Amino acid sequence: MTIQIPRGTQDILPGEVEKWQWIEETAKKICQLYQYQEIRTPIFEQTELFQRGVGDTTDIVQKEMYSFQDRGGRDLTLRPEGTAAIVRSFTENKMFGLPNQPVKLYYLGPMFRYERPQSGRYRQFVQFGVEALGSMDPVIDAEVIALAMEFYRSLGLKRLKLVINSLGDRESRTAHRNALIQHFQPRINEFCSDCQERLDKNPLRILDCKKDREHELMKSAPSILDFLNDESSTYFKQVQQYLNAMDIEFVVDPTLVRGLDYYNHTAFEIMSEAEGFGAITTLCGGGRYNGLVKEMGGPDTPGIGFALSIERLIQALEAEAVPMEKNKQINAYIIALGEKAKDYSVVLLENLRRNGFSVERDYMNRKLKAQFKAAERLGAKYAVIIGDDELSSGVATVKKLDTGEQKEIALENLKEELSD
């Protein structure tokens, strides 16, 4: 029986992986510009971390986590998202005591959710995200949003839509929560079982339901913006002012609800408006989570961040026909003709590589014509031809493959020639 790849996963093969490397390098460069430092956390954590951090009422905790017991009987879960693990590390390593505040971090790595595989969505997927912990300044909210937008733009995406909302502080959310319960309770039996369960636990999550999104009560539900107290309203206005000052276009959408329980104040999503991208347009989501560090046992520390899927990003790049074929040119392809020349090519290849040159040679005993074709397929700038006679004379023929120009070069000068 042939063993196949698990459902909801993918192999990223040579020829495709270069796109990922380009995206990952761009993410790292952008984070360096904004002074966000990389953090790496374990692939699996204690299950309780996500139950407490992500929230018991979320689809992630209720339906999608890959959880298991290890041989010691400990309950562990493959990480379904990045923020809870970052906050755990921030708290455990007492990063709140570092002299440079806020602590600005980014991560890039695989996440795991058991959900129905579909276009651009996998059970193992890769997220890029940032977290800024320690500041309650609305400037940092605007900066995090700006970083996400600049990342997309630097890759070449143009058809982007930024949507923002405020979920308010605890007082504002409590008032809105009570209004939502009064709004939905008389007809809650018309909604799915998940929504019925959420009514008392977290009615805000009803607004995020995909099954009942077209129900008439959804359209007439009380808006959070009508329940913001003065402090929350002022904060949200300041975030908008900073975005306007940065010349970042946005739309305020009072129905925007992030799917995780820890969000408060600023929430945002970035969507693709590219034609043919698909029905689900969200590329990136994020927001503020001021109570999460305290929930994890740390001091009362504000935080804000975002996460985005690399798989969805690649789909958006393809929808906008952004070129992702990067230059894979190598310096030279060594063509050795004769046994002595072949033996010498082994040493030459290693010597060139140790001096920073990307070079290759034939390992299949192909004819001269086939070796030239191999050099062209690899995108070699030069072909270096060495026969036994040339070797005894200490020379090689160097051919520039794009022009066909060729000349004899002393082997001792080969590095200088290939450097041009």
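**View 1. Nonpolar surface patch in the predicted model.** In this predicted model, Ile43, Phe44 and Phe68 make a nonpolar surface patch of about 260 Å². Phe68 belongs to strand E3, which covers residues 67–69. The relative accessibility of Phe68 is 36%, so Phe68 counts as partly exposed.

**View 2. Open sheet of five strands.** The strand order in this sheet is E13-E12-E14-E15-E16, and the pairing is mixed. Strand E13 (359–361) and strand E16 (406–410) stand at the edges; each has a single partner strand, so one side of each lacks a neighbour in the sheet. On average, neighbouring strands of the sheet are turned by 30° against each other, direction ignored.

**View 3. Pairing of strands E12 and E13.** Strand E12 (residues 330–337) runs parallel to E13, and three bridges join the two.

View 4. Helix H13 (residues 368–377) lies across E12, E14 and strand E15 (395–400). The angle at which H13 runs to E12 is about 170°.

View 5. His265 is part of strand E9 (residues 264–272). With a relative accessible area of 4%, His265 is buried, because the cut-off for buried is under 20%. Leaving aside residues up to four places away in sequence, His265 touches Met136, Asn165, Ser166, Leu167, Gly168, Asp169, Ser232, Tyr235, Arg288 and Asn290.

**View 6. Cis peptide bond between Gln101 and Pro102.** The peptide bond that joins Gln101 and Pro102 is cis, with omega about 0°. Pro102 sits in the loop between helix H4 (83–92) and strand E5 (103–112).

**View 7. Positive phi at Asp247.** Although Asp247 is not a glycine, its phi is positive, at about 60°. The loop that holds Asp247 runs between helix H9 (230–245) and strand E8 (251–252). Asp247 has a relative accessible area of 64% and is exposed.

**View 8. Positive phi at Ala321.** Ala321, not a glycine, has a positive phi of about 55°. Ala321 is placed in the loop between helix H11 (310–319) and E12. The relative accessibility of Ala321 is 64%, so this residue counts as exposed.

Note on methods:
Residues are numbered from 1 along each chain as its sequence is written. This is a predicted model: local features need pLDDT of at least 70, side-chain atom pairs count only at pLDDT 80 or more; totals for chains, interfaces and linings use all residues. Side-chain values use heavy atoms; hydrogens and water are left out. Patches are made of residues with over 30% relative accessible area and no salt bridge: like charges are joined within 9 Å, nonpolar side chains (Val, Leu, Ile, Met, Phe, Trp, Tyr) within 5 Å. Accessible areas come from the Shrake-Rupley method with a 1.4 Å probe; for residues, only the protein chains shown count as cover. A salt bridge is a side-chain nitrogen of Lys or Arg within 4 Å of a carboxyl oxygen of Asp or Glu. Helices (H or I, at least four residues) and strands (E, at least two) are DSSP runs, numbered from the N terminus. Buried means under 20% relative accessible area, exposed over 50%, partly exposed in between (1.4 Å probe, protein chains only). Two strands pair if DSSP finds at least two bridges between them. Axes are lines fitted to C-alpha atoms, for helices over the stretch in contact, and angles run from 0 to 180 degrees between N-to-C directions. Contact means heavy atoms within 4.5 Å.
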